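Subject: Handing over the structure

Hi,

Here is the structure I promised to pass on to you. Please open it alongside this email, and then read on for what turned up in it.

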Amino acid sequence: MDYSKFFRAALNRLHDERRYRVFADLERIAGRFPHAVWHSPKGPRNVVIWCSNDYLGMGQHPKVVGAMVETATRVGTGAGGTRNIAGTHHPLVQLEQELADLHGKQASLLFTSGYVSNQTGISTIAKLIPDCLILSDALNHNSMIEGVRQAGCERQIFRHNDMAHLEELLIAAGPDRPKLIACESLYSMDGDVAPLAKICDLAEKYGAMTYVDEVHAVGMYGPRGGGIAERDGVMHRIDVLEGTLAKAFGCLGGYIAGSAEIIDSVRSYAPGFIFTTALPPAICSAATAAIRHLKASNWERERHQDRAARVKAILNAAGLPVMSNETHIVPLFVGDPEKCKQASDMLLEEHGIYIQPINYPTVAKGTERLRITPSPYHDDGLVDRLAEALLQVWDRLGLPLKQQSLAAE
């Protein structure tokens, strides 16, 4: 039996569908973000990163780097095992306390990634609720979809941000059936925001629990970086808030925050928590430093919003097809997977600009795009050079400008 033929066929399918992913070999330079070294086939080259989820550049912040180095020097690297076997190291305890405080909740629980916190958190919570019905937004992230699937409960999908449809489903479920509404606060591919206050209104009216993914909003919005829920004044109305340490906080890991009973139940029942090694102490100390800094400092958030607005204004003025939204995400519509990849390659190879193409299945076929994420450190010169490069690429590839493309949004 030639087993390798199955894998060749699987890879060939991806190539045929223009979905095969190529990773750029990049080396970020602390203190010079968003500049990096691209280890290209022709040797090292300096490039500018325009699509990092380290939205605020906290991965290079002196407080964050210092906390990581100090802790690794003092206590070593790894956590030594699962928390059940090796115990819970003190930097992790401090981080969970910091996260609970950030979200105004009684407790929080750390996971090895934001993906795992959704996959494990949703499935465990729903399994512990008899006859639970999960109501999930149509554009929820794959990690949430997997969490819903692994729960093994009945699930219904409501149209994206459609409160009338959600209410129909809640009414149909009846007042006595347990219900869990799962959504994101900020959807990272389009940059649009959930109407969290209306979702809370419906949850309270029809007796549903709420689970909100804030991974693209924590650190970024609200007076202390608590996310869209904090900004909108509804944090206390949401049962479970999920977030990541790998984006605005510049580190690694995911978490959920909620009541002491919910968090303790997930801690006690979730396989994705129980059977995996804890985050290392140095990572936890670095994340704690980032959270504490962003609770007190608004400079990063204000500068970041200014940069995002500047990028949108310049690209719109150039006639480029920016998909409009109110957040820091700047999606640039392409609508063709092959041209999207070609645009990305040309920007990197000819202009020293790294923007990864976003193709199916991350977004629907026909809505392929470049996803631009400015940081506080992208200055006006970099923004102007980005616009010039994009216009050249658009012209070379025969891509339509704004008037023809925006209808596809």
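This is a predicted model: local features need pLDDT of at least 70, side-chain atom pairs count only at pLDDT 80 or more; totals for chains, interfaces and linings use all residues.

Below is a short tour of the contacts, spaces and backbone details.

Residues are numbered from 1 along each chain as its sequence is written, and side-chain values use heavy atoms, with hydrogens and water left out.

**Aromatic rings**

Searching the whole structure gives 3 aromatic pairs. Rings of Phe, Tyr and Trp (its six-membered ring) pair if their centres lie within 6.5 Å, and planes under 30 degrees apart count as stacked, over 60 as edge-to-face and the rest as tilted. One of the pairs joins phenylalanine 111 and phenylalanine 273: the ring centres are 6.1 Å apart and the planes stand at 75°, so this pair is edge-to-face. It links distant parts of the chain, with phenylalanine 111 in strand β4 (residues 107–111) and phenylalanine 273 in helix α11 (residues 271–274), 162 residues apart. Helices (H or I, at least four residues) and strands (E, at least two) are DSSP runs, numbered from the N terminus. Both phenylalanine 111 and phenylalanine 273 are buried; buried means under 20% relative accessible area, exposed over 50%, and partly exposed in between (1.4 Å probe, protein chains only).

**A cavity and a pocket**

Phenylalanine 111 and phenylalanine 273 turn up again in the lining of the largest cavity, where Thr82, Arg83 and Leu92 are also among the residues. This cavity holds about 80 Å³ of space, and its lining divides into 6 nonpolar, 4 polar and 1 charged residues. For the classes, Ala, Val, Leu, Ile, Met, Phe, Trp, Tyr, Cys and Pro count as nonpolar, Asp, Glu, Lys and Arg as charged, and the others, Gly among them, as polar.

The second largest pocket has about 150 Å³ of space. Its lining includes Gln119, Lys127, Gln150 and Tyr269. Helices α5 (114–127) and α11 are the elements that give two or more residues to this lining, and α5 has the largest share, with 5 residues.

Both terms come from a 1 Å grid over the protein atoms alone: a cavity is a set of points where a 1.4 Å probe fits but cannot get out, a pocket is an open set with protein on both sides within 12 Å along at least five of seven lines, and lining residues have an atom within 4 Å of a point. Grid points are joined across faces, edges and corners, and a volume is the space filled by probe spheres set on the points.

**Salt bridges**

The whole structure has 27 salt bridges, each a side-chain nitrogen of Lys or Arg within 4 Å of a carboxyl oxygen of Asp or Glu. Glutamate 98 takes part in a salt bridge with arginine 292 (2.8 Å, N to O). Glutamate 98 is in helix α4 (residues 90–102) and arginine 292 in helix α12 (residues 281–296), so this pair ties together parts 194 residues apart in sequence. Glutamate 98 is buried, at 13% relative accessible area, whereas arginine 292 is partly exposed, at 44%.

Glutamate 98 also forms a salt bridge with lysine 295, where the closest N and O atoms are 2.7 Å apart. Elsewhere, a network of salt bridges links Arg303, Asp306, Arg307, Arg310, Asp380 and Asp384.

**Backbone details and one more ring**

Which peptide bonds are worth a look? The one from phenylalanine 33 to proline 34 is cis, with omega near 15°, and proline 34 is in the loop between β1 (26–28) and β2 (35–40). The bond from tyrosine 360 to proline 361 is cis too, with omega near 10°.The ring of tyrosine 360 also has the charged end of lysine 365 sitting over it, 4.8 Å from its centre; a charge sits over a ring if NZ of Lys or CZ of Arg is within 6 Å of the ring centre and within 35 degrees of the ring normal.

Finally, aspartate 131 has a phi near 55°, a positive value in a residue other than glycine. Aspartate 131 lies in the loop between α5 and β5 (133–137) and counts as exposed, at 53% relative accessibility.

Happy exploring!
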